[in-house]
Amino acid sequence: MKVLVSGEVHVDYGQIFVESERGECDLHDAFAGQEGVGLCGGGTDGMLFLLTGLRVGGVGFAAELYDSRPALDETWEEIVEVPFRPVSEETQLRQWNGKNWWELGLEVRDYRVRYSATGMDAGRSKNVREADEPQTDDRYLLQFWPAPPEPARLLKQTSSTAASWHDFATSPVG
């Protein structure tokens, strides 16, 4: 396992992105075709749209790369998996405002991505975390491993925040 990102990541509008090509990642397009699977939208080529409970501020965040599927850690409250394929050699985890980014060093190949979260309802209740305030309970883990594409899957859901995003992913646009 290789740690790609570890620490605090700033979110705005409860969003952070993985991009292998600069561009806009529309919320509805990101979740297209992922019926019932919210939190991590992989419907836009070369991009992932990641949702958090906290709307504005820093959250605990880690990203990891594996050679094969990692063991499922059931201590996480929310777990989803989606397919992902970078469209360039420069894949980054990027804040909403583009102020900070982290190079992930992913090859152009098919990956499976597991996005896990805990404390989403606590983050949503807090809403905004100022820089001088202690970190909230919400934290996130993004895991990549090489794998052929398969449909997005909801593996675990416990919070009302995650439930609302899974409902969103099921709702028709319009």
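**Exercise 1.** In this predicted model, find out which residues ring pairs link into a cluster.

*Solution.* Now widen the view: a search of the whole structure turns up eight aromatic pairs.

**Exercise 2.** Work out what kind of aromatic pair Y111 and F144 form, and which parts of the chain the pair ties together.

*Solution.* Step one: a pair of aromatic rings is described by how far apart the centres are and by the angle of the planes. Step two: for Y111 and F144, the centres are 6.2 Å apart and the planes are at 85 degrees. Step three: an angle over 60 degrees counts as edge-to-face, and that's the label for Y111 and F144. Y111 belongs to strand β9 (residues 111-118) and F144 to strand β10 (residues 139-146), so the pair joins parts 33 residues apart in sequence. Both Y111 and F144 are buried.

**Exercise 3.** Find the ring that the charged end of R139 sits over.

*Solution.* You'll land on W76, with 4.5 Å to the ring centre.

**Exercise 4.** Decide whether M120 is buried or exposed, then look at what M120 touches.

*Solution.* First, locate M120: you'll find this residue in helix α2 (residues 120-126). Next, check the relative accessible area, which is 0%, so M120 is buried. Leaving out residues up to four places away in sequence, its contacts include L39, L51, Y140 and A162. Last, compare with A152, 32 residues away along the chain: the C-alpha atoms of M120 and A152 are 20 Å apart.

Methods:
Residues numbered from 1 in each chain as written. Predicted model: local features only at pLDDT ≥ 70, side-chain atom pairs only at ≥ 80, totals over all residues. Heavy atoms only, no water. Phe/Tyr/Trp six-rings, centres within 6.5 Å; stacked < 30°, edge-to-face > 60°. Helix = DSSP H or I, 4+ residues; strand = E, 2+ residues; numbered from the N terminus. Buried < 20%, exposed > 50% of the residue type's maximum accessible area, 1.4 Å probe, protein only. Lys NZ or Arg CZ within 6 Å of the ring centre and 35° of its normal. Contact = heavy atoms within 4.5 Å.
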